[in-house]
Amino acid sequence: MADENDPATPADSKLTRTKQLWAQAGKFLTGRPSRPESDRLPPGQHLVRDWPVLDLGLQPSIDKARWQLDIFGAVEHPVVWDFAQFSAQPQVTQVCDIHCVTTWSRYDNHFEGLPALALAKIVRPKPEASHVVLHSADGYTTNLSMQDFLAEDVLIAHAWEGKPLTSDHGGPVRLVVPRLYFWKSAKWLTRIEFSSHDKPGFWEVRGYHNRGDPWREERYSE
Ligand SMILES: Nc1nc2c(c(=O)[nH]1)N[C@H]1C(S)=C(S)[C@@H](COP(=O)(O)O)O[C@H]1N2
Ligand SMILES: [Mo]
């Protein structure tokens with residue numbers, strides 16, 4: 001597995017370098033005010049009908065029979081689930097919009113999975129747990145505050161539109177964080193780390209905003 005903490009890995013691909021340059025240049029910033037109450041589409045975004053695939057240039061192929069989800073760190077009750085154990089946890093289906101920092105948005109996605117809130121009830125974060133780091137099989141990481149992770153619409157998802165999540169979209173299991181730009185929604189999820197401090201992830205150390213709220217157009221760090 002790639003060394004996820006080294007900014008030079010896992011993929012020094014052309015796409016990665018281009019996106020880093022966009023972050024440096026502030027590409028796609030419109031400066032327009034956002035009005036989430038009345039506007040469904042966040043500022044600077046355009047609607048797409050298909051579902052684009054974005055990754056670091058490598059898509060790990062994960063055998064569902066061998067996949068495990070390791071939930072560890074600042075929790076009272078760490079667990080390691082295989083797919084059957086994960087599937088036996090409380091499941092919900094919900095509809096949400098997704099907004100990618102590269103300016104596409106897609107409405108009305110039906111995802112099925114375990115709500116992060118339900119997961120937290122099982123593993124019980126310790127009082128000092130303030131952040132969550134998502135770790136993926138391709139070496140990708142991304143960070144969330146506990147508050148953003150525990151929003152009621154955050155899902156650890158295994159199905160989309162009633163079908164198992166395909167590998168290109170992060171199957172067997174990915175995170176879905178509808179209220180933040182889609183880079184926070186880690187694909188090929190394998191480990192969830194609860195932490196007493198913030199640990200910026202792959203894009204966050206490459207110029208992307210630490211939080212990534214589309215309604216505030218938090219695309220890049222200053
Ligand atoms: N493991 C992993 N998760 C990831 C990424 C990645 O490269 N690796 N890319 C992120 C980005 S930038 C986006 S926009 C979405 C894309 O998800 P999609 O390919 O299903 O549209 O996944 C996010 N999660
Ligand atoms: Mo993205």
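In which sense do β5 and β8 pair, and over how many bridges? They pair in the antiparallel sense, over 5 bridges. The close-ups below come from a predicted model, in which local features need pLDDT of at least 70, side-chain atom pairs count only at pLDDT 80 or more, and totals for chains, interfaces and linings use all residues. Residues are numbered from 1 along each chain as its sequence is written, while chains are lettered from A and ligands numbered from 1 in the order in which they are written.

View 1. Strands here are DSSP runs of E with at least two residues, helices are runs of H or I with at least four, and both are numbered from the N terminus. Two strands pair if DSSP finds at least two bridges between them.

**View 2. The hairpin of β8 and β9.** These two strands pair in the antiparallel sense over 2 bridges, and Ala159 has Pro164 in β9 as its bridge partner. There are 2 residues between the strands, and Glu161 in the turn has a positive phi of about 50°.

**View 3. The largest nonpolar core.** Such a core is a set of buried Ala, Val, Leu, Ile, Met, Phe, Trp, Tyr and Cys residues joined through C-beta atoms within 7 Å. Buried means that 20 or more other C-beta atoms lie within 10 Å of a residue's own, with C-beta atoms placed from the backbone. This core holds 43 residues, and Ile156 and Leu189 touch the most other members. The largest share, 4 residues, comes from β8, a strand with 5 of its 6 residues buried. Leaving aside neighbours within four places in sequence, Ile156 is in contact (C-beta atoms, placed from the backbone, within 7 Å) with residues including Leu119, Val173 and Leu189.

**View 4. The open sheet.** Follow the 5 strands in the order β3-β2-β11-β6-β7, with mixed pairing. The edge strands, β3 (79-82) and β7 (141-145), each pair on one side only. Inside the sheet, 6 bridges join β6 to β11, which run antiparallel, and Leu134 stands opposite Ile192 in β11.

**View 5. The surroundings of ligand 1.** Here 18 residues surround the ligand (C-beta atom, placed from the backbone, within 6 Å of it), and the closest are Ser136, Tyr140, His169, Trp183 and Lys187.

Key:
Buried ≥ 20, exposed ≤ 12 C-beta atoms within 10 Å, placed from the backbone. Contact = placed C-beta atoms within 7 Å.
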